[in-house]
Amino acid sequence: MDKKVINRAVKSTMPGAKIKKSSIPGVTLVEYTENIPEGCSAPDIERRPISLTMQEGKVANFKALVRGNPKPTVVWSFKEDILTDENIYKIYQDKATMEYILQVKKLSSEHAGSYRCVFS
């Protein structure tokens, strides 16, 4: 999608939105910030999830490293649905590395596509 089209769409719906270029092909970062209280910070994405190609039956782990004050919250989604099914997905933060992880258990063709994570 053309950056001008993205900018126009974002600006028309959310004041304060900024488009950031990503080094990952096909990834666009949209940053929304409001008035941030003193001593707090917006989530800072230090490491983005990477694209994976996996075989059926395997386990996929998507990892992101994000810092902020207060501690950021993360919401993972797939095909516009927030991931909540604990039989299929495990969502957690690794206490040693501080990475936010989405684990897709036992992959099948139903799990193919783009996953999204939103930090706030």
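Q: Is Leu52 buried, exposed or partly exposed, and what is the relative accessibility behind that label?

A: A residue is called buried under 20% relative accessible area, exposed over 50%, and partly exposed in between (1.4 Å probe, protein chains only). Leu52 has 33% relative accessibility, so Leu52 counts as partly exposed. Please keep in mind that this is a predicted model, in which local features need pLDDT of at least 70 and side-chain atom pairs count only at pLDDT 80 or more, while totals for chains, interfaces and linings use all residues. Residues are numbered from 1 along each chain as its sequence is written, and side-chain values use heavy atoms, with hydrogens and water left out.

Q: Which strands form the open sheet, and in what order?

A: Strands of a sheet pair through backbone hydrogen bonds, either parallel or antiparallel. Two strands are said to pair if DSSP finds at least two bridges between them. Here four strands form an open sheet in the order S3-S4-S8-S7, and the pairing is antiparallel. Because S3 and strand S7 (89-93) stand at the edges with a single partner strand each, one side of each is left without a neighbour in the sheet. Neighbouring strands of this sheet are turned by 25 degrees against each other on average, direction ignored, where the axes are lines fitted to C-alpha atoms and angles run from 0 to 180 degrees between N-to-C directions.

Q: How many bridges join the paired strands, S3 with S4, S4 with S8, and S7 with S8?

A: Strand S3 (residues 41-47) pairs with strand S4 (residues 60-69) over four bridges, and within this pair Ile45 stands opposite Val66 in S4. Five bridges join S4 to strand S8 (residues 100-104), where Asn61 stands opposite Gln103 in S8. Five bridges also join S7 to S8, and Ile91 stands opposite Leu102 in S8.

Q: What is the relative accessible area of Ile91?

A: Ile91, which is found in strand S7, has a relative accessible area of 36% and is therefore partly exposed.

Q: Which backbone atom lies 2.9 Å from a polar atom of the side chain of His111?

A: A polar contact is a pair of N or O atoms within 3.5 Å; within protein, one must be able to donate a hydrogen and the other to accept it, and residues adjacent in sequence count only if both atoms are side-chain atoms. Here the atom is the backbone nitrogen of Ser108. His111 lies in the loop between S8 and strand S9 (115-119), and at 11% relative accessibility His111 counts as buried.

Key. Helix = DSSP H or I, 4+ residues; strand = E, 2+ residues; numbered from the N terminus.
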